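Work through the exercises below with the sequence and the model open side by side. Each task is followed by a solution in steps.

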Amino acid sequence: METAPVLIAGGGPVGLTLAALLASFGVRSLVIENDPSYCTGSRAICMSRRSQEILGWVGADKPLVEKGLSWVGGRSYYRDTEVLHFQMPSDPTQRFAPMVNIQQYFAEQYAHEAALPYGDLVDVRWNCTVKTVREVKNGNEVDVTVSDGSADGQTQTIRADWLVACDGGRSTVREQLGLQLQGMQYDGKYVIVDIRQKTKRDVERLAWFDPPSNPGSTILMHRQPEDVWRIDYQIRDDEDPVEAIKPENVLRRVQSHLSMIGENEPWEPLWISIYNAKCLSLEKYCHKRVLFAGDAAHLVPIFGVRGLNSGLDDAGNLAWKLARVIQGASPDSLLDTYSTERVHAAHENMAYGAKSTEFMAPPNFAFKLMRTATLKLALADEKVRSLINPRQSTPIHYVNSALNVADKDVWSSDLTAPGMPMPEVLLDDGTHLTQQFGHNFICIVFGEALEESKRVNLEQNGIKIYSIAGNEYAGYSHFLLLKSSESAMILVRPDGYIMGRWKGTDIAPLLAAMKLTEAIL
Amino acid sequence: MTDQDLDKSYTTLCNALNDVGESNAQSFLAMLSLSLIARTDNAAEVLVLIENAKIQSLVGKQP
């Protein structure tokens, strides 16, 4: 029987990224994917700054940023008048734009190509389908069917120490384990259309409420590479979804809107589908030797682009933990922190996503009435404009994670609190602090340099040291708020999240923090 | 009022409005307006907001 330390069910963006990340830690995985290659259509398109950072751990950020269209803000219109122009936090010291638009199949390709240099550590098999999952001692046996073009596929059994389900919203692994997503769905339906059309317009998120081109509807537009527009629009509650996605009905509405906004180049449709917002999650993502990530674990509304972005954060959180467990550095229970942190993140994402959905597709008369009031008022009252802001994906604070070490010192900024993602710093050599992340625990030393004996001690305990001083001080003063004479240390996990922070240069609490990862209860 | 607090209040208001139902919506919003007015520092501020809401309500309507 074939064996694999890690079997990843699903070679979508989350599965392929996880495989590359695991390989970067020296862990071998086998990825099996139902489809013959990367996805078709375009699916997810907005990759957050955090996702770019995660892909950067294996070098997949470069092709993504080169190919993709970066953007920082957007505009919302009520009828034909602009009511909001928003900008996401962005300054020249950042490594990545807040968002980059790109077709999902490119993201999959770049994650896969990032895995190739690891050779035998990653094996991706297309046309391979999970059929059954059986729990065995310290692992699972998974029956898969390999279709080779002939009518009957061959079935084979793979024994995996760990099975990671990245097999999407209709996860076979989830079904095999008898698990169900819990939560709620919204009725409001959106048609999603990709078209090819040349444009000179800026790359921005564009939203229209009740536009003259489609009265009563809400329309979203995003540019993608290769002259592609993503257009999402809401259909009326009384419309038949099957009728609504018939090309003749879609194309008429799209044409009407393109004409309204003055996009008059010839165009052709590429992809039409229909969507309704869901807030669904498993209760936990760790089930003995089966782990869940991405859409297999949770489905969040598209508004706010938290779907794929939260899936990549799952992969980033899971990879270093699973590697430590497999390599014997941490007990299996470290993976419980994957579940608690990422379930918490899913709930936060669903709460934000629900708010965005309630504005984009009001679920009842009250939300409709208040939205109209907001849009009308926003024309002349800037105080209410923030309600129109789409609440784009941001990294989630892992409040109360078992890996957080509570502050003992007094700090005047929460930006570096335990459980927060480490803020970016532009370094003197022109590189960024986040480029150090993705591989090791790092102790970031601010101010006074550590003595040699302390450095050796930390390094022997698996902690790399990164010192920041001098001119770089200005770059981080806002999130540390240290006095000029003070020194501080921040312990950052391989996924860029902060475990703890200490003033001074006593390394004992850092060593104690590392023990946490060896004895999680 | 921070953006987050505005957001939270908005959602709570929408849910309460849905709970009282469409037939009670006008009376609910009228009562809430009065409560908020009574807690505002002075009339001048309120009068501007009333005038603004009136103008926005009549935009595009026949006089």
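**Exercise 1.** Is Phe106(A) buried or exposed?

*Solution.* The model is predicted, so local features need pLDDT of at least 70 and side-chain atom pairs count only at pLDDT 80 or more, while totals for chains, interfaces and linings use all residues. Residues are numbered from 1 along each chain as its sequence is written, chains are lettered from A and ligands numbered from 1 in the order in which they are written, and side-chain values use heavy atoms, with hydrogens and water left out. Phe106(A) has a relative accessible area of 11% and is therefore buried (under 20%; exposed is over 50%, partly exposed in between, with a 1.4 Å probe and protein chains only).

**Exercise 2.** Describe how the ring of Phe106(A) pairs with Tyr110(A).

*Solution.* First, rings of Phe, Tyr and Trp (its six-membered ring) pair if their centres lie within 6.5 Å, and planes under 30 degrees apart count as stacked, over 60 as edge-to-face and the rest as tilted. Next, the centres of Phe106(A) and Tyr110(A) are 6.2 Å apart with planes at 15°, so this pair is stacked. Finally, Tyr110(A) is buried, at 10% relative accessibility.

**Exercise 3.** Which residues form one aromatic cluster with Phe106(A)?

*Solution.* Tyr105(A) and Phe106(A) make a tilted pair, with 5.0 Å between centres and 55° between planes. Tyr105(A), Phe106(A) and Tyr110(A) together form one aromatic cluster.
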